[in-house]
Amino acid sequence: MFNGLSANTIEKGRTSPDNTGTRLESEFIGEVDGTQYKKLAYNFLHSEEIKEEMAKAKTPDEKFGQMIKIKEAAQKEFENALDLADRSKYIDFKNSVKLVEQSQPGNPERPNRFFSGALYNNIKKRFEDKYILKFFAATGGTHLDVVHGVDGFFKLYLKENGQELATATFDLTGNSTKNSSRADVLIYIDPSEKEKYDTSSSNKKFDKEFFDSKIDEFSKMITEALIENYQSSAEKNS
């Protein structure tokens with residue numbers, strides 16, 4: 001257990017990301033609510049236009065009609081992952097993070113996938129009870145994933161007042177030739193070992209010793225990134 005935010009730095013890759021979501025990512029860490037994300041992203045990119053259109057609606061029926069049109073336009077604008085990479089639809093990293101946070105289908109303090117849940121519990125144990133840890137999946141068609149190369153991230157908060165302390169992003173990949181990432185941490189899952197991670201009762205190839213070892217390894221990497229990013233932020237603000 002850490003008595004404070006201090007630890008040694010570990011090696012992490014930070015360059016080019018995989019630009020498309022995969023079944024691996026969905027199974028291991030989950031996805032955002034795609035419909036919600038598209039609506040929020042569309043509203044962010046077209047806020048002025050939406051205000052103007054909504055102002056023209058005078059009756060409740062007209063306003064409802066405009067809302068339906070906006071929802072349909074949002075789904076059409078981001079029909080596939082490549083649409084997110086269009087320069088005219090670019091959303092910067094900071095706002096991409098906010099949109100992802102607002103599009104989570106579950107409780108960030110209770111990840112419901114076997115992999116992200118195990119990571120969360122392992123990382124949480126490394127900090128004292130005065131901290132709150134939250135997990136956010138960014139896969140499922142988001143700018144954070146497609147444009148910024150982040151599949152998910154953990155955030156650490158001070159329980160006393162909810163102050164955000166640090167963020168650690170990660171990139172999950174099954175590509176053995178990928179050795180760097182723009183995210184803080186690159187997590188490699190060997191496709192030939194995928195079943196060893198699957199904790200479902202029907203899976204006879206689950207390897208608890210292997211699973212616990214990998215979760216501990218990846219959790220340490222993310223914990224170190226949280227601490228490093230906290231220290232870096234503290235130095236900038238001092």
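This report describes the nonpolar cores and the aromatic rings of a predicted model.

## Basis

Local features need pLDDT of at least 70 and side-chain atom pairs count only at pLDDT 80 or more, while totals for chains, interfaces and linings use all residues. Residues are numbered from 1 along each chain as its sequence is written, and side-chain values use heavy atoms, with hydrogens and water left out.

## Nonpolar cores

A nonpolar core is a set of buried Ala, Val, Leu, Ile, Met, Phe, Trp, Tyr and Cys residues joined through side-chain atoms within 4.5 Å. Buried means under 20% relative accessible area, exposed over 50%, and partly exposed in between (1.4 Å probe, protein chains only).

The largest nonpolar core has 34 residues, and Phe 115, Phe 154 and Ile 222 are among those with the most contacts inside it. Elements giving two or more residues to this core include helix H7 (114–124), strand S3 (164–173) and helix H10 (208–237). H10 gives the most, with 9 residues. Helices (H or I, at least four residues) and strands (E, at least two) are DSSP runs, numbered from the N terminus. Apart from this core lies another, of 22 residues, including Ile 50 and Tyr 157.

## Aromatic rings

Rings of Phe, Tyr and Trp (its six-membered ring) pair if their centres lie within 6.5 Å; planes under 30 degrees apart count as stacked, over 60 as edge-to-face and the rest as tilted. The count comes to 13 aromatic pairs. Phe 28 and Phe 114 have ring centres 5.1 Å apart and planes at 65°, so this pair is edge-to-face. Phe 28 lies in helix H1 and Phe 114 in helix H7, so the pair ties together parts 86 residues apart in sequence.
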